[in-house]
Amino acid sequence: MSTTEIRSLHEQFVMPTYAPEIALVRGDGCRVWDAEGHEYLDFIAGIAVVSLGHCHPVLVQAIREQAGTLMHVSNLFYNEQQPKLARAISKRALGGKSFFCNSGAEANEGLIKLARRWGHGVGRHEVISFGNSFHGRTLATLTATGQDKVKKGFDPLPPGFRQAEFNDIESVRNLVNGKTAAVLIEAIQCEGGIRIADHEFLRSLRALCDEAGILLMCDEVQCGMGRTGNWFGYEEAGIRPDAIALAKGLGGGFPIGAVSATPELSDVLTLGSHATTFGGTPLACAAGLAVFKVIEEENLLERARFLGARLAQGLAALSDTYEWVVGVRGTGFIVGLELSRDALPLQKILEEKGLLSLATANTVIRLVPPMTVSEQEIDEAVSRIHDACAAFQEVSEESKI
Ligand SMILES: *Cc1c(COP(=O)(O)O)cnc(C)c1O
């Protein structure tokens with residue numbers, strides 16, 4: 001089918017919550033191809049999901065093998081893959097147990113439920129989140145999200161949510177009271193435009209939560225699973241949260257989410273208190289196990305550090321050349337190019353030059369490539385971004401005349 005045919009079918013039968021322009025039909029590593037055969041370097045990676053690149057042979061083999069053995073049994077039965085994946089997460093995260101679900105929103109919903117259940121006996125139920133944050137599109141998680149655009153038209157919203165200012169410890173302190181159960185934060189606000197939580201702020205937040213006797217919960221859905229060069233985004237600040245939400249990169253493209261907690265909180269969600277039909281299928285968990293294996297065998301954490309820095313450095317000079325480029329920020333393979341103007345036109349030019357990127361928070365170009373991206377592909381992307389900026393400059397000058 002051509003892009004036009006796919007679009008027409010889509011418009012007829014799929015609800016119009018998205019408006020894509022490109023139809024992708026094939027992927028291999030860091031590259032994808034559209035229905036007309038155009039090749040793109042994929043620096044969106046399914047929104048920081050396809051961390052091993054498209055169709056990584058180890059992941060494909062794991063899914064193939066498990067699909068042909070046992071795909072789904074429900075949680076009424078044990079399956080071998082689920083506790084193995086929970087063990088893999090436990091070893092690298094908080095040392096406790098996990099609950100599996102299917103998406104980031106569901107994982108955060110699980111965190112919120114865990115906090116409420118934990119605080120229930122003592123009248124603590126409020127969750128403090130942050131301005132500019134993103135936690136998902138279910139009613140509870142969009143209420144926790146610090147962006148008005150996701151809430152529009154969905155009120156009444158569930159009660160029990162408060163919002164503090166990111167990187168402002170006093171704003172959190174002002175909201176903590178006897179009803180507070182937990183603070184929910186992203187170590188890096190990715191949807192919010194690649195805003196990094198100050199390490200000092202995260203440490204103060206940990207201390208504040210300890211002092212108040214409340215939980216610190218990290219939404220690691222996007223910044224977790226190795227993209228920062230550590231397994232999790234909170235690590236660099238040297239803090240340990242009480243519970244985390246995972247999804248996006250966890251399955252390398254196969255949908256899976258998880259709530260994972262410290263040993264102290266691992267039995268708060270007791271028998272029958274939370275459930276899911278699809279969470280933790282043998283198939284999803286086999287994919288997750290393959291992701292852990294490849295990240296370790298191919299030293300992808302180290303690559304995220306070195307090649308992420310190479311990408312950021314390659315873009316640093318742009319702010320000297322163009323007055324509308326504010327600068328580059330990020331950690332590892334989470335890189336944002338901040339502009340002083342709308343970033344969408346630049347995203348479109350990048351597309352024409354064969355690079356997929358994501359305009360985020362209006363003025364930021366977000367780059368979250370597969371963690372298997374090669375040095376050469378990084379350099380290719382940098383050169384396309386330089387070309388696109390030059391073209392963008394030209395277009396802006398013309399439109400001024
Ligand atoms: C993407 C994202 C979510 C929501 O995940 P879904 O799988 O789309 O529900 C939540 N939190 C963060 C930080 C995310 O990046």
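Q: Ala, Val, Leu, Ile, Met, Phe, Trp, Tyr, Cys and Pro count as nonpolar, Asp, Glu, Lys and Arg as charged, and the others, Gly among them, as polar. How many nonpolar, polar and charged residues are in the lining of the largest cavity?
A: In this predicted model, the lining has two nonpolar, nine polar and no charged residues. Among the residues that line the cavity are Val-73, Pro-282, Ser-74, Asn-75 and Gly-279. The cavity holds about 30 Å³ of space.

Q: What makes Glu-80 and Lys-84 a salt bridge?
A: The cut-off is 4 Å between a side-chain nitrogen of Lys or Arg and a carboxyl oxygen of Asp or Glu. For Glu-80 and Lys-84 the closest N and O atoms are 2.6 Å apart, so the pair qualifies. By this rule the count comes to 18 salt bridges.

Q: Why is Glu-80 called exposed, and Lys-84 partly exposed?
A: Exposed means over 50% relative accessible area, so Glu-80 qualifies at 53%. Lys-84 has 31%, which lies between the 20% and 50% limits, so Lys-84 is partly exposed.

Q: Why does the pair of Asp-242 and Arg-206 tie together parts of the chain?
A: Their side chains meet in a salt bridge at 3.0 Å, N to O. Asp-242 lies in the loop between S10 and S11 and Arg-206 in helix H8, so the pair links parts that are 36 residues apart in sequence. Buried means under 20%, so Asp-242 at 14% counts as buried, and so does Arg-206 at 12%.

Q: How do you know that Arg-227 has no salt bridge?
A: The nearest side chain of opposite charge, Asp-42, is 9.1 Å away, and the cut-off is 4 Å, so no salt bridge forms. A polar atom of the Arg-227 side chain does lie 2.9 Å from the backbone oxygen of Pro-369.

Technical notes. Residues are numbered from 1 along each chain as its sequence is written. This is a predicted model: local features need pLDDT of at least 70, side-chain atom pairs count only at pLDDT 80 or more; totals for chains, interfaces and linings use all residues. Side-chain values use heavy atoms; hydrogens and water are left out. On a 1 Å grid over the protein atoms alone, a cavity is a set of points where a 1.4 Å probe fits but cannot get out, and a pocket is an open set with protein on both sides within 12 Å along at least five of seven lines; lining residues have an atom within 4 Å of a point. Grid points are joined across faces, edges and corners, and a volume is the space filled by probe spheres set on the points. Buried means under 20% relative accessible area, exposed over 50%, partly exposed in between (1.4 Å probe, protein chains only). Lys and Arg count as positive and Asp and Glu as negative; His and the chain ends are not counted. A polar contact is a pair of N or O atoms within 3.5 Å; within protein, one must be able to donate a hydrogen and the other to accept it, and residues adjacent in sequence count only if both atoms are side-chain atoms. Helices (H or I, at least four residues) and strands (E, at least two) are DSSP runs, numbered from the N terminus.
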